[in-house]
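Reader: Please take a close look at one part for me, the salt bridges and their setting. Keep it brisk, and give the cut-offs.

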Amino acid sequence: MPGTDATGCERRCVWPFEAVPSEVRLLRSAAVAQLTQWGAPVACDEAQLVITELATNVIKHVGEGASATLVLEWKDRRLRVEMHDKSGSLPILRAADCDAECGRGLHMLVAMSLDWGAVVTAVGKAVWCEIGLASELMCRRVERAVRALDAYQDFRGTALEGRPREAAFDESVIELIADLLHWTSGRGLDPDDVLDQAQMHYEAEEEAA
């Protein structure tokens with residue numbers, strides 16, 4: 001299991017793995033689950049592409065079966081993806097023509113990242129890139145929602161061991177909204193009006209972001 005750490009708005013997860021194609025697929029799935037748990041599903045698609053590129057480069061240039069480590073870190077509205085391996089050879093961004101396959105992946109990684117780089121480490125190197133996340137307001141709202149859903153699942157007993165977290169969250173979202181509508185009705189409010197106002201808040205914040 002990966003090591004995880006969470007303090008305030010900072011999240012960090014570390015996965016040691018063996019550089020083989022089957023492990024790359026598992027890394028992508030694990031990253032999606034972790035980002036969903038952190039409340040950053042918006043970054044899943046880009047993160048999967050970056051992880052695939054970085055892990056595939058380890059297989060190609062360090063060797064299939066080589067030991068490597070993936071690090072995900074969410075901080076200051078950025079998701080940092082780091083790939084550590086035991087080769088000290090740093091990647092070089094060369095000009096690549098339209099027909100060149102070699103080097104395309106690195107150009108793609110640079111194009112979709114806010115920043116990227118490569119550094120020599122004590123045991124090899126680390127290649128990293130950073131992906132932009134939502135605004136600070138949206139991050140806070142999503143983080144609060146994730147915490148509320150965690151507590152709601154515990155209360156309902158729906159967070160069953162071995163059950164996909166995404167499926168449990170999807171079900172809990174619907175149930176929580178239904179419970180809130182019952183609560184608003186019990187307070188003498190119109191559930192439709194409450195939903196309309198919530199939708200207006202959401203759309204206004206989406207535009208502002």
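Author: Helices are DSSP runs of H or I with at least four residues, strands are runs of E with at least two, and both are numbered from the N terminus. The model is predicted, so local features need pLDDT of at least 70 and side-chain atom pairs count only at pLDDT 80 or more, while totals for chains, interfaces and linings use all residues. Residues are numbered from 1 along each chain as its sequence is written, and side-chain values use heavy atoms, with hydrogens and water left out.

The protein has 6 helices and 6 strands. Along the sequence they run β-β-α-α-β-β-α-β-β-α-α-α. Of its 209 residues, 33% are buried. Buried means under 20% relative accessible area, exposed means over 50%, and partly exposed lies in between (1.4 Å probe, protein chains only).

Now the salt bridges. Each needs a side-chain nitrogen of Lys or Arg within 4 Å of a carboxyl oxygen of Asp or Glu. The whole structure holds 5 of them. Take Glu130 and Arg78, whose side chains meet at 2.6 Å, N to O. Glu130 sits in strand 6 and Arg78 in strand 4, so to speak distant parts of the chain, 52 residues apart. Glu130 is buried at 13% relative accessible area. Arg78 is partly exposed, at 34%.

Glu130 has another partner. Arg80 also bridges to Glu130, with the closest N and O atoms 3.1 Å apart. That pair again links strand 4 to strand 6, across 50 residues. Arg80 and Glu130 are both buried.

Next comes Lys125 with Asp85. Their side chains meet at 3.0 Å, N to O. Lys125 belongs to strand 6 and Asp85 to strand 4, so this bridge ties together parts 40 residues apart in sequence. Lys125 is buried, with 7% relative accessibility. Asp85 is buried too, at 5%. Shared partners also build a network: Arg78, Arg80, Glu82 and Glu130 are joined by salt bridges.

What does strand 6 pair with? Strand 5 (residues 115–120) and strand 6 (residues 125–132) run antiparallel over 6 bridges. Two strands count as paired if DSSP finds at least two bridges between them. Trp116 has Cys129 of strand 6 as its bridge partner. A hairpin of 4 residues joins the two strands.

Then the nonpolar side. A nonpolar core is a set of buried Ala, Val, Leu, Ile, Met, Phe, Trp, Tyr and Cys residues joined through side-chain atoms within 4.5 Å. The largest has 34 residues, and Leu70, Leu72, Leu79 and Val81 have the most contacts inside it. Strand 2 (10–18), helix 1, helix 2 (44–61), strand 3 (67–75), strand 4 (78–85), helix 3 (104–112) and strand 6 each give at least two residues to this core. Helix 2 gives the most, with 8.

The expected span of a helix is 1.5 Å times one less than its number of residues. Helix 2 has 18 residues and reaches 25 Å from first C-alpha to last, close to the expected 26 Å. Its buried residues include Cys44, Ala47, Val50 and Ile51. Gly63 follows helix 2, with a positive phi near 135°. Helix 1 (residues 21–38) also has 18 residues, and its 26 Å reach is close to the 26 Å expected. Among its buried residues are Val24, Leu27, Gln34 and Trp38. Gly39 comes after helix 1, and its phi is positive, near 85°.

Last, the surface. Val173, Ile174, Ile177 and Leu195 form a nonpolar patch with about 330 Å² of accessible area together. Patches take residues with over 30% relative accessible area and no salt bridge, joining like charges within 9 Å and nonpolar side chains (Val, Leu, Ile, Met, Phe, Trp, Tyr) within 5 Å. Areas come from the Shrake-Rupley method with a 1.4 Å probe, and for residues only the protein chains shown count as cover. Helix 5 (residues 165–186) gives the most to the patch, with 3 residues. Ile177 lies in helix 5. Ile177 is partly exposed, at 41% relative accessible area.
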